[in-house]
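Please open the model in your viewer and keep the selection tool at hand. The stops below go from one site to the next, with a note on what to select at each.

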Amino acid sequence: MSATPARRILAVVPVLALLALSACTAGGTIHARQITAKQPTPSAPPSTSPSPTVKPTPGSLDWYVSQVPTFPEAPPPQPVPLPATGAAQFWHRLPTDQKVAFITIDDGGLARPPAVPDFIERAHIPVTMFLNSPAAREHTDYFRRIVAAGGVVENHTITHTSLSGRSYDYQKREICGAADTLETLFGTRATLFRPPFGNHDATTLRAAHDCGAKAVFHWTETVHEGKVRYQTPEKVVRPGDVLLMHFRPALMDDLLAALKAIHRAGLTPALLEDYVLTEAPTT
Ligand SMILES: [Zn+2]
């Protein structure tokens, strides 16, 4: 559903780069970003230009941006094919050997740290948001800012109740209802679905498919209050892994922790939708 090529992190180098920025006049050619990807998308310089003599204050947006590692370029996506069945594909992680991992952010109702959209935009962090539709409706402008920075909105039901064991009609109401609202708010139909708490059954996969979802994603790591918790014994992010965090007060720290873990693993953060979907929804 994303027409853009894989999002790429353009990491930022703090001190020297900021000095370079100070020499950057309007329309100049010096950029503060250390570009690891190919050509950056047309973009304005950072909206705030810190003084060259002052290091970013820890905890400030400039500081978070300065802490983002420099990543290798994400490989050109080889999207994983999906079986044509009457049910959505379920995955804990994307079955790929490509050296990418994926950041996902869930819910949306609890907290929306104000600096997050700017952080995502300035550090070019690719994110997939699994939103509950009432939160999306109530805070649409916030999530639209993240969409404008390259983020993608996906489906996480209306009421965030556990779907496993519920009737097809109940599950379809929760999934299609949220998909309809999200499509109205953001203009595109969600093609991925994440069941609340990860709880799902065969009915969930059928209902998700009938509501337009191609794949249903669990996760392989969770990130909370700046700490990555691995669900696998290897304690390392592997290619295709899906990192789960939430719109909670520490989301800035969670994003940074996820980026550092992905970097430690020798991978590059990429947009999940670029590596999984090749066609528009058929339902
Ligand atoms: Zn949730």
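**A tour by selection**

Begin with His160, which in this predicted model is partly exposed, with a relative accessible area of 21%. Because buried means under 20% relative accessible area, His160 at 21% falls in the partly exposed class, whereas His156, at 2%, is buried.

Next, select the zinc ion together with these two histidines and Asp107: the ion is coordinated by Asp107 through OD and by His156 and His160 through NE2, at 2.0 to 2.1 Å. If you follow these donor residues along the sequence, their spacing reads D-x48-H-x3-H.

Now turn to the aromatic rings, of which a search of the whole structure finds 7 pairs. Select Tyr64 and Phe119, one of these pairs, which is tilted, with 5.8 Å centre to centre and 55° between the planes. This pair links distant parts of the chain, since Tyr64 lies in helix α2 (residues 61-67) and Phe119 in helix α3 (residues 116-123), 55 residues apart. Tyr64 is buried at 8% relative accessibility, and Phe119 is buried at 0%.

Then select Tyr142 and Phe247, an edge-to-face pair with 6.2 Å centre to centre and 75° between the planes. Here Tyr142 belongs to helix α5 (residues 140-148), while Phe247 sits in the loop between β9 (242-246) and α8 (251-264), 105 residues apart. Both Tyr142 and Phe247 are buried.

For the last stop, select Arg166 and Tyr170, where the charged end of Arg166 sits over the ring of Tyr170, 3.9 Å from the ring centre.

How values were computed: Residues are numbered from 1 along each chain as its sequence is written. This is a predicted model: local features need pLDDT of at least 70, side-chain atom pairs count only at pLDDT 80 or more; totals for chains, interfaces and linings use all residues. Side-chain values use heavy atoms; hydrogens and water are left out. Donors are N, O and S atoms within 2.8 Å of the metal (3.2 Å for Na, K and Ca); water is not among the atoms, so sites may look incomplete. Buried means under 20% relative accessible area, exposed over 50%, partly exposed in between (1.4 Å probe, protein chains only). Rings of Phe, Tyr and Trp (its six-membered ring) pair if their centres lie within 6.5 Å; planes under 30 degrees apart count as stacked, over 60 as edge-to-face and the rest as tilted. Helices (H or I, at least four residues) and strands (E, at least two) are DSSP runs, numbered from the N terminus. A charge sits over a ring if NZ of Lys or CZ of Arg is within 6 Å of the ring centre and within 35 degrees of the ring normal.
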